[in-house]
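Let's take a friendly walk through a protein model together. Have the sequence and the 3D view ready, and follow along as we go.

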Amino acid sequence: MQLGDRHGRVATDLRVSLTDRCNLRCTYCMPADGLPWLPSEEALTDAEVVRVLTVAVERLGITKLRFTGGEPLLRPGLARIIAASKELRTADGRPPETSLTTNGLGLDKRLDDLVAAGLDRVNISLDSLDRATYARLSRRDRLPDVLTAIDAVIASPLRPIKINAVIMRGENEQAIAPLAQFCLERGLQLRFIEQMPLGPRHEWVRSAMVTQAEILDVLHQHHTLTPVDEPRGHAPAELWRVEPDTRPGIAHAGGTIGVIASVTHPFCAACDRSRITADGQVRTCLFSRTETDLRTILRSGGSDDDLAAAWVGAHASKPAGHGIDEPTFLPPLRTMSAIGG
Ligand code: SAM
Ligand code: SF4
């Protein structure tokens, strides 16, 4: 069985949200006061998560698992869940690829355990290198902790290391060039993400979103960029190669920078994702307004066949696109942190 849909796409990459809670309050993601968190009994237990992942990898063709949230480092069982995932085998007999999307807080202290558990890769979110701007955007003064985590990942075997940055008009456009320089100097792969209507309700306005074109304009002022013309496959980021620079003070060995232009250049036609929320709901798209409830199947004695059949059924009706540009578009009922970004 596989997670195919009517538009010829097959999902092989699963985003696994391990919690809806977070220790930051990024303005584009969460309200200042946080959200009504899921009661703990509604979240899947570690054993339930592992059962869902077993069905996904061993029956439904999932080959990549990305752990996210909320903040996945807040999940005490994270390393145990990763270790159990690495015991699974895909159809071609390999363990699934495992990665983590995190704000980085405390990652340095957990890194050895996560690597020992089998974590393959990490993406760290970082929207500014200016302490005051970072604190304003994330509503917490934690930039030094993120930088410590990045240093620790650089010293670890995890590669590639990706940095995710959301740019907001009037907030952190000045961060574009310094973030690029910081990442190029350290061999980190920077990905700018266009802000999507997935934050606190009614706060997204298209005109306030900094577009891919605007981000590239800024980068072109500092670097020689050429589009990477290798096939993009299912990767959401469009990539540009940055030529090495030898000028004193800004020298770097070159690299790639990406932009995930979900709004201005949607990549829905190539989407290979499925998602499971911390409370066990399958979502076929970030923007879905419907979910498929695996938790009830799990807790009412359903079999692995029942779980697989429900998941396959959800994907069969996956819409062709997210429809942000359609007049009838309505944002999803949950915000990014509750879906799992
Ligand atoms: N807490 C972790 C983190 O921040 O990396 C993982 C979860 S977070 C929801 C995953 C990614 O979604 C982050 O890179 C964050 O910047 C991004 N994100 C959150 N809200 C977004 C929005 N409204 N538009 C675009 N990206 C968003
Ligand atoms: Fe937390 Fe990540 Fe959302 Fe920021 S983007 S509030 S770190 S879940």
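Among the elements, α1 gives the most to the lining of the largest cavity, with three residues; helices here are DSSP runs of H or I with at least four residues, strands are runs of E with at least two, and both are numbered from the N terminus. What is a cavity? On a 1 Å grid over the protein atoms alone, it is a set of points where a 1.4 Å probe fits but cannot get out, and its lining residues have an atom within 4 Å of a point. The largest cavity holds about 40 Å³ of space, where a volume is the space filled by probe spheres set on the points, and points are joined across faces, edges and corners. Its lining is made up of Val16, Ser17, Leu18, Leu44, Val49, Val52, Leu53, Ile276, Thr277 and Ala278. Two or more of these residues come from each of β3 (13-17) and α1 (46-60). By type, eight are nonpolar, two polar and none charged (Ala, Val, Leu, Ile, Met, Phe, Trp, Tyr, Cys and Pro count as nonpolar, Asp, Glu, Lys and Arg as charged, and the others, Gly among them, as polar).

A word on the background: this is a predicted model, in which local features need pLDDT of at least 70 and side-chain atom pairs count only at pLDDT 80 or more, while totals for chains, interfaces and linings use all residues. Residues are numbered from 1 along each chain as its sequence is written, chains are lettered from A and ligands numbered from 1 in the order in which they are written, and side-chain values use heavy atoms, with hydrogens and water left out.

Now turn to ligand 1. Of the 18 residues around it, Tyr28, Gly70, Glu71, Ser125 and Met196 come nearest (near means a heavy atom within 4 Å). A polar side-chain atom of serine 125 sits 2.6 Å from an oxygen atom of ligand 1, and a polar backbone atom of methionine 196 is 2.8 Å from a nitrogen atom of the ligand. The protein covers 96% of the 540 Å² of accessible area that ligand 1 has on its own, by the Shrake-Rupley method with a 1.4 Å probe.

Finally, find the open sheet of 12 strands, with mixed pairing. Strands pair if DSSP finds at least two bridges between them. β9 (225-227) and β14 (292-293) stand at the edges with a single partner strand each, so one side of each has no neighbour in the sheet. β9 pairs with β10 (residues 238-242) in the antiparallel sense over three bridges.

Notes
Polar contact = N/O pair within 3.5 Å; in protein donor to acceptor, adjacent residues only side chain to side chain. 1 Å grid on protein atoms, 1.4 Å probe; cavity = no way out; pocket = protein on both sides within 12 Å on 5 of 7 lines; lining within 4 Å.
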